Amino acid sequence: MATLTAPGADAPLIELTSIGKWFGGVHAVSDVSVRIEPGTIHAIVGENGAGKSTLGKVLSGSLRPDQGEVRLNGEVQHFHSPRDALSAGIATIAQEIALVPGMTVAQNVFLGIEARRAGFVRRQAMRRRTRALSREAEFDLPPDQVVSRMRLPDQQKTEILRAIARQASTIVMDEPTAALGRIDAEKLHTVIRKLRDGGRTVVLISHFLDEVLALADTVTVLRDGKHVRTAPAAQETEQSLIEAMLGHSMQQLYPEVRRPAEDSPVVLDIENLSAPGVRNISLRVRAGEIVGLAGLVGAGRSELAMAIYGATRKQGGEAFIGAKRATIKSPRQARRAGLFMVPESRKEQGLVAMRSVRENVNLANVAQHATLGVLRGRAERRATARALEQTDVRGGSPELPVSSLSGGNQQKVMFARGMLCGPQILVADEPTRGVDIGSRQSIYGLIKAQAEAGVGIVIISSDLEEVLGLAHRVVVMRAGTMVAEYSGPEMTPENVLSAAMLGTTAKDARNTE
Amino acid sequence: MSEVAPEITERTSAETSSSALRSRWIAHLASFRTLGIVIPFVALFITLSIASGPFLTKINLVNILGQQSSALIIGAGSTLVLISGGIDLSVGATYGLASVVAGEVDQHNPALLALVVALGLGAVIGAVNGVVSTVFKINSLIATLAMSFIITGTAEKITSGNLVDITDQGFKNIAYTMFLTIPTAVWIAVIVVVILGIVLSRTVFGRYIYASGGSTEASRLSGVPVNGVRVMAFVISGVCAALGGVVDTSRIFTAQATQGGSALTFTVLAGVVVGGTSILGGEGAIWRTVVGVLFIALIGNGFDLLSIDPLVQQIILGVILLLAVGLDAIPRMRT
């Protein structure tokens, strides 16, 4: 029976040679060669879009490389599906949980490899083995619990059990701790170390550099789809990794944005706002000011943005928009009052994928190009061309579907849409998620230009460097409330992180969820 | 989450890897789909012109258009609902109710009043469909299916299951007045199709219909009044269904509660989908519906002229529908 720590889970030597993968003319990874020693924790780091996940998917069989090969113990492999990779001993724990929600832990662990006798599933045996596996891993998962009723960390543990039950000797984990709290993340770290100590190889894709340095034996750095270096983790520091990931030091990336005058008008005034996911928020943003919202995933930053924007119902307090101090109840009113939001997920909340770039750019302001409801095509095309040029959107005709653009250009389309609305306040939620370096710089340039033109800006980002690099002032959120505010020399990563993770007072820390 | 979205773009000659070739092939297939049913339609038209003498005559062609006028009108309305991200399965029932109500009103009133009452009824039914499926968030497939039973039941109640005979010449004139040697039924269909075509492709409302169907959340966050747009699409669909009912009643001089029904609903839906409007919303066009509805009509007409077993017609229609939906699905199969 497969166990967690049993030695001799003979992990193979994995060699990736000259791996290349293109998505529609853009390389995701190109000519990447990495050697992954058996029985080690091998981390892959890089910025969003550097090709980490693509490389992980090539290894786990969910993407086929356009170039290069994957070798296990010297033998060339041709994985056509995750199933092929699994039969070679490589299991994947993806960012999204891949369990059958309505089934129990035991059923999920043995899904597809059910113990049978004469065609009947041996439920008792499966339950027993799940319990044994779970106990050994110190997971404490009840085998009969239905997966959809479990917390995310427990669902992840179920996935790990599943990999072990399939005798996987190599486990690829793509951002396993991204959605976990600190305690759960530390527990997972223990599990990962155990897996390694049992002779398994763990390929860890992560953007938490502290996690990588604490766990990994070896670190591979990718930048823009290219291999930068693979080195023992002991030789790396956060600073050295960041520089390798960026290819230059941080300072150059973020533009210096002029501070607004002390008496510049308040364009966003939030007073004691409560809404789903946020409690008692008070915040003022002046014209020309960039305010950063920092905090962990789930701290309520996006929820605050949605509440200000009128997309969720306020439960108390008020948000006054613009010089006229309008109060709003819907995104439509928000837009009219002069607030524009670039939402967190451009795919689900931002763009209408199958419609053209032109239609997407004009989605919020299309009525401006109409006389009695009938569109003036030329006016629209002209505005589109101007907005695309201003926001530096590259690639193809505005008549092509917006989904044909790269992630960076899609994000710029969102900014183009915003600019055509001429807002007084711009809320940008994760403005550079999944965006290449070049587009990031364009987007920062746009934000700077908007701020210096007198637009009040709120930036939400999980990338702390980005928040600190752009904002004049940083507000830290935790568990739906504001816990700290920093500006000037106090605006340091250490201060923001400790506020985000611990809160300022013990009372706030206890009030999570 | 993939870090780089898969995409179809024009490629440089440097990238001729296997997956590049595969997605290029899919891109070709997708662009073939943009032309879609037009090519088979033209091919069928030419084939029938050669194979059957009576096919390519004015009488036959005008006859087809006259028979299809209600399907074209209803199809145009249904197209709006489909693109906006809903589906209206109550059009056949609304058609039946509008027919009998118009017939009953016409017994003692001017034809114009009968027409107005019927269209108003269609609008009310559409508004109910729209509100139920947006404000109360009941899936429109189920909501309009339920409505169709209510509507047909009401129509049967009104007529006690009997036929309503039309004797009023004024009412008959709605569909049978000749203008430029073509009956008004055809002209009404042409006007509805042209107006809705312009609404969809040239107005803010049309743009909102595409956006709402393409991504509800993105549209809402951009300030598109998604619910209002969808309700309006259902209202238009209801009015079109009622107008279709009045036109056909005027053509055949009788009205019956069960006239139309689910058979009509699904034939029209088949026409819309065969034309290439996506059942998932966000994509499609009125002209596609016109071609799709007429394509199905040509199959029927051609097979009649060539005396082919009507059962075979149904089988072939089913195969064509599967092909149309299949072509729609292929570009989405990319990983």
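These legends walk through several close-up views of a predicted model.

Before the views, a word on the ground rules: residues are numbered from 1 along each chain as its sequence is written, while chains are lettered from A and ligands numbered from 1 in the order in which they are written. Because the model is predicted, local features need pLDDT of at least 70 and side-chain atom pairs count only at pLDDT 80 or more, whereas totals for chains, interfaces and linings use all residues.

View 1. The predictor gives the complex an ipTM of 0.79 and a pTM of 0.73.

**View 2. An open sheet in chain A.** Six strands line up as β6-β9-β10-β3-β11-β12 (chain A), with mixed pairing. Strands (E, at least two residues) and helices (H or I, at least four) are DSSP runs, numbered from the N terminus, and two strands pair if DSSP finds at least two bridges between them. At the edges sit β6 (90-93) and β12 (226-232) of chain A, each pairing on one side only. From one strand to the next, the twist averages 15°; angles run from 0 to 180 degrees between N-to-C directions, and axes are lines fitted to C-alpha atoms, for helices over the stretch in contact. Strand β11 (residues 218-223) of chain A is antiparallel to β12(A), with six bridges between them, and Thr220(A) has Thr230(A) in β12(A) as its bridge partner.

View 3. Helix α8 (residues 238-246) of chain A lies across β3, β11 and β12 of chain A, at about 30° to β11(A).

**View 4. Strand β13 of chain A and its partners.** Strand β13 (residues 266-275) of chain A runs antiparallel to β14 (residues 278-286) of chain A, joined by six bridges. Look for Leu273(A) opposite Ile281(A) in β14(A). The hairpin of β13(A) and β14(A) has two residues between the strands, and Gly277(A) takes a positive phi near 90° there. Five bridges also join β13(A) to β16 (residues 316-321) of chain A, again antiparallel, with Asp269(A) opposite Phe320(A) in β16(A).

**View 5. Helices α3 and α13 of chain B.** Helix α3 (residues 58-83) and helix α13 (residues 286-305) of chain B pack at about 145°, their axes 9 Å apart. Among the residues making the contact are Ile64(B) and Leu72(B) of α3(B), and Val290(B) and Leu294(B) of α13(B). By class, the contact of α3(B) with α13(B) has nine nonpolar, five polar and no charged residues (Ala, Val, Leu, Ile, Met, Phe, Trp, Tyr, Cys and Pro count as nonpolar, Asp, Glu, Lys and Arg as charged, and the others, Gly among them, as polar).

Technical notes. Contact = placed C-beta atoms within 7 Å.
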